[in-house]
Amino acid sequence: MNDQMKFKTLPSGRRWIAGASRCMLPLLIAGVVLPAAAKNSNAYVANQAGDTVSVINTANSSVSAIVPVGTNPAGVAVSPQGQWAYVANLSSNNVSVIDTSSNTVIATVAVGSSPTAIAITPNGADAYVANTNASDISVIDTVSNAVIATIAVGNTPSGIAVSPDGTHVYVTNEEDGTVSVINTASNTVAATVAVGNNPFGVTVGPFGQRVYVANFGSNNVSVINASSNTVSATYAAGNGANAVAVGPLGGRLYVANYNDNTVSVINALNGKTIATVPVGTAPQAEAMSLDGAHLYVANIDSANVSVLNTSNDTVTTTVAVGSSPASVATQPGCP
């Protein structure tokens, strides 16, 4: 396949990803009461070359549905209550909203140029969409499915994540080597943090104290102190580190290494590598299961998803999906 025919190519030579992990515990500590979430154990995979989303039934590791969406879907996120999946369509400049009970698209929202990544606030009220060619973020009100704000960020926003308490959104700006920190109360950029080269994937620890950024160009992970918006540590990873997920209780990081075809398992406290796990070809995105027992890794060049058991850091099964899986998402929870 000629990648230039199907994909927007990144400055680093890779293609697009989205992913974020969140934990609802800080909201409960703060006394915020949310409706009880229905358990949605599926994983949703955006197949960029196929213009579809594959729905994986995680109970039996099989594809239970295939949902047509927009053109070149590059990012996907599941609402905290599990009832919606939002899909960023790179080449049609819109977001498809999937009703997860029927696996049908119930709305299409126009956003900025080349949306590549998406994250939803823990209360489910807003979806933040990174528009890479526009260098801005579209904010979607999930009740009306309308864009209510547009926020200028750095050059080539590529990854996005929301803090567990919903007060901040973190956006990686790949060409700038920075992370934009958005205050969700005002929808303005509160800080810009210099990180490594070609930052791409980003996630926030379960208590919101640390933000982890996978730097594709420097093969490492920047650890941002969320209180000071400064880099407090840098952890070595594999070649082409481009996605990062937090493991159960926040003790481990799982970093997808695009050029190595591996996932690095890293101690989140001291940065030491615990294990290096072979996966599929060109792992591009990750999502942790609702219970934290499994990590789902989308391998864009082998058209499959590796399922990694977090208790022993081994791949237990591989699920064939659509063409060029660029992103994977699960219902956010507290692993």
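Is Leu295 buried or exposed, and at what relative accessibility? Before I answer, please note that the structure before us is a predicted model. Leu295 has a relative accessibility of 0%, and it therefore counts as buried.

Let me place this residue. Leu295 belongs to strand 25, which covers residues 294-299. Leaving aside residues up to four places away in sequence, Leu295 touches Ala245, Tyr254, Val263, Glu286, Ala287, Met288, Ser306, Val307, Leu308 and Thr310.

I turn now to the protein as a whole. Its secondary structure comes to 2 helices and 28 strands. Of its 335 residues, 60% count as buried. Among contacts with a separation of 6 or more, 45% are between residues 24 or more positions apart. The protein exposes about 11400 Å², of which carbon and sulfur atoms supply 49%.

My last topic is aromatic pairing. The structure holds 1 aromatic pair. Its members are Phe216 and Tyr258; their ring centres are 6.1 Å apart and their planes stand at 65°, so the pair is edge-to-face. Phe216 lies in the loop between strand 17 (210-215) and strand 18 (220-225), while Tyr258 lies in the loop between strand 21 (252-257) and strand 22 (262-267), so the pair ties together parts that are 42 residues apart in sequence. Phe216 counts as buried because its relative accessibility is 9%, under the 20% cut-off. Tyr258, at 10% relative accessibility, likewise counts as buried.

Methods:
Residues are numbered from 1 along each chain as its sequence is written. This is a predicted model: local features need pLDDT of at least 70, side-chain atom pairs count only at pLDDT 80 or more; totals for chains, interfaces and linings use all residues. Side-chain values use heavy atoms; hydrogens and water are left out. Helices (H or I, at least four residues) and strands (E, at least two) are DSSP runs, numbered from the N terminus. Buried means under 20% relative accessible area, exposed over 50%, partly exposed in between (1.4 Å probe, protein chains only). Contact means heavy atoms within 4.5 Å. Rings of Phe, Tyr and Trp (its six-membered ring) pair if their centres lie within 6.5 Å; planes under 30 degrees apart count as stacked, over 60 as edge-to-face and the rest as tilted. Accessible areas come from the Shrake-Rupley method with a 1.4 Å probe; for residues, only the protein chains shown count as cover.
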